[in-house]
Amino acid sequence: MVRVRVRQHVNPLSYAYQTPIVPPTWSQVYTNPAQPLHLDIGCAWGRFLLQMAAIEPDWNFLGIEIREPLVETALAQRDEEKLSNLHFIFCNINHTFAPLIESLPPGILHRVSIQFPDPWFKKRHQKRRVVQPELVENVAKYLVPGGMVFLQSDVHDVAIEMRDRFAEHSSFERQGGEDWLPENPMPVATEREQSTLDKDEPVYRVVFLKKGEIPG
Ligand SMILES: C[S@@+](CC[C@H](N)C(=O)[O-])C[C@H]1O[C@@H](n2cnc3c(N)ncnc32)[C@H](O)[C@@H]1O
């Protein structure tokens, strides 16, 4: 895979990232647009999804990333691997969630992952964090009953903040008790997860399911 130099962070609150995208024509993107969708928010180079899409051909995967060069690289790799159940979109998810999901067949969003989101440590920068109350509200609105939210971070405060934002919402039920999950429920580790584990550092993980009856 060819790697280009990219900025480490972009400010999602800056003017350049406020416009919602025009969604693609999904029948030109996925072979079967009716398959359950896994949305990965902040997918970076897309390595996690490239592996997931190969392992789970009966799912569609959508990676969202605010740094455009990473999306271009991920799409090129997707094409090289001929994965017709995988797509990546360059956008700011905080301005795109509703129009994006509404452009898909209804009842399609079954899984959302947010893995190692940018921590934005300084107090005055914390509004740049991706898990804002409006995002939680949108996940609650569009995820199917029984659908899964998987969150993980190596930064304890960030993990607590995103965990609490989902826990406080009446639509979600936390899984696995009060402790952080010891294992990743997904069969693939992200790049950030792998580098954290390689350094023997902790990863804070939590899963929520959306309450309600699962459609038969
Ligand atoms: C620390 S990286 C983690 C990447 C990957 N999930 C992993 O675990 O290896 C966080 C990613 O989220 C992206 N990101 C941050 N804010 C975003 C936003 N509002 N919308 C879409 N992507 C965002 C960043 O550009 C970055 O690539």
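Predicted model: local features only at pLDDT ≥ 70, side-chain atom pairs only at ≥ 80, totals over all residues.
With 24 C-beta neighbours inside 10 Å, Glu65 counts as buried. Glu65 sits in strand β2. Setting aside its close neighbours in sequence (up to four places away), Glu65 is in contact with Gly42, Cys43, Ala44, Leu70, Val71, Phe88 and Phe90.

**A look at the whole chain**

Let's zoom out. The chain has six helices and seven strands. If you walk along the sequence, they come in the pattern β-α-β-α-β-α-β-α-β-α-β-α-β. The radius of gyration is 16 Å, close to the 17 Å that the globule rule gives for 216 residues, so the chain is as compact as a globular protein of that length. Along its principal axes, the C-alpha trace spans about 45 × 40 × 35 Å.

How much of the chain is tucked away? Buried residues make up 37% of the 216 residues. And if you take the contacts between residues at least 6 apart in sequence, 77% of them join residues at least 24 apart.

UniProt, in an unreviewed entry, places the feature "binding site" at Asp40, Glu65, Asn92 and Asp118. These four span 79 residues in sequence, yet no two of their C-alpha atoms are more than 14.0 Å apart, so they gather at one spot.

Asp40 belongs to strand β1 and is buried, with 24 other C-beta atoms within 10 Å. Leaving out residues up to four places away in sequence, Asp40 touches Phe48, Leu49, Phe61, Gly63 and Ser113.

UniProt also lists Lys122 and Asp154 for "binding site", again from an unreviewed entry. Lys122 lies in the loop between β4 (109-115) and α4 (133-142), while Asp154 is in the loop between β5 (148-153) and α5 (156-167). Apart from residues up to four places away in sequence, Asp154 touches Phe116, Thr196, Glu201, Pro202 and Val203.

| Residue | C-beta atoms within 10 Å | Class |
|---|---|---|
| Lys122 | 8 | exposed |
| Asp154 | 18 | partly exposed |
| Trp120 | 18 | partly exposed |
| His125 | 14 | partly exposed |
| Asp200 | 6 | exposed |

**Around the ligand**

Which residues come nearest to the ligand? Of the 20 residues around it, the answer is Gly42, Ala44, Phe116, Thr190 and Arg192. The elements that give two or more residues to this shell are β2 (60-65) and α6 (191-198). The top contributor is α6, with three residues. Sorted by class, the shell has nine nonpolar, five polar and six charged residues.

In soluble globular proteins, nonpolar side chains tend to be buried together. So what does that look like here? The largest nonpolar core has 48 residues, and Leu49, Ile64, Val112 and Val149 touch the most other members. Helix α1 (residues 47-55) gives the most to this core, with five residues.

Let's stay with α1 for a moment. Its buried residues are Phe48, Leu49, Leu50, Met52 and Ala53. What covers them includes β1 (37-41), β2, α2 (68-80) and β3 (86-90). An α-helix has 3.6 residues a turn, so residues three or four places apart point the same way.

Leaving aside neighbours within four places in sequence, Ile64 is in contact with Leu39, Ile41, Gly42, Cys43, Ile89, Cys91 and Ile93.

Trp120 lies in the loop between β4 and α4. Asp200 has a positive phi as well, of about 60°, and it is not a glycine either. You'll find Asp200 in the loop between α6 and β7 (204-210).

Finally, His125 lies in the loop between β4 and α4. How far apart are the C-alpha atoms of His125 and Thr31? They are separated by 40 Å, with the two residues 94 apart along the chain.

Note on methods. Residues numbered from 1 in each chain as written. Helix = DSSP H or I, 4+ residues; strand = E, 2+ residues; numbered from the N terminus. Rg over C-alpha atoms; globule rule 2.2 N^0.38 Å. Buried ≥ 20, exposed ≤ 12 C-beta atoms within 10 Å, placed from the backbone. Contact = placed C-beta atoms within 7 Å. UniProt positions renumbered as here; feature names shortened; annotations may be inferred. Near = placed C-beta within 6 Å. Nonpolar A, V, L, I, M, F, W, Y, C, P; charged D, E, K, R; others polar. Core = buried A, V, L, I, M, F, W, Y, C linked by C-beta atoms within 7 Å.
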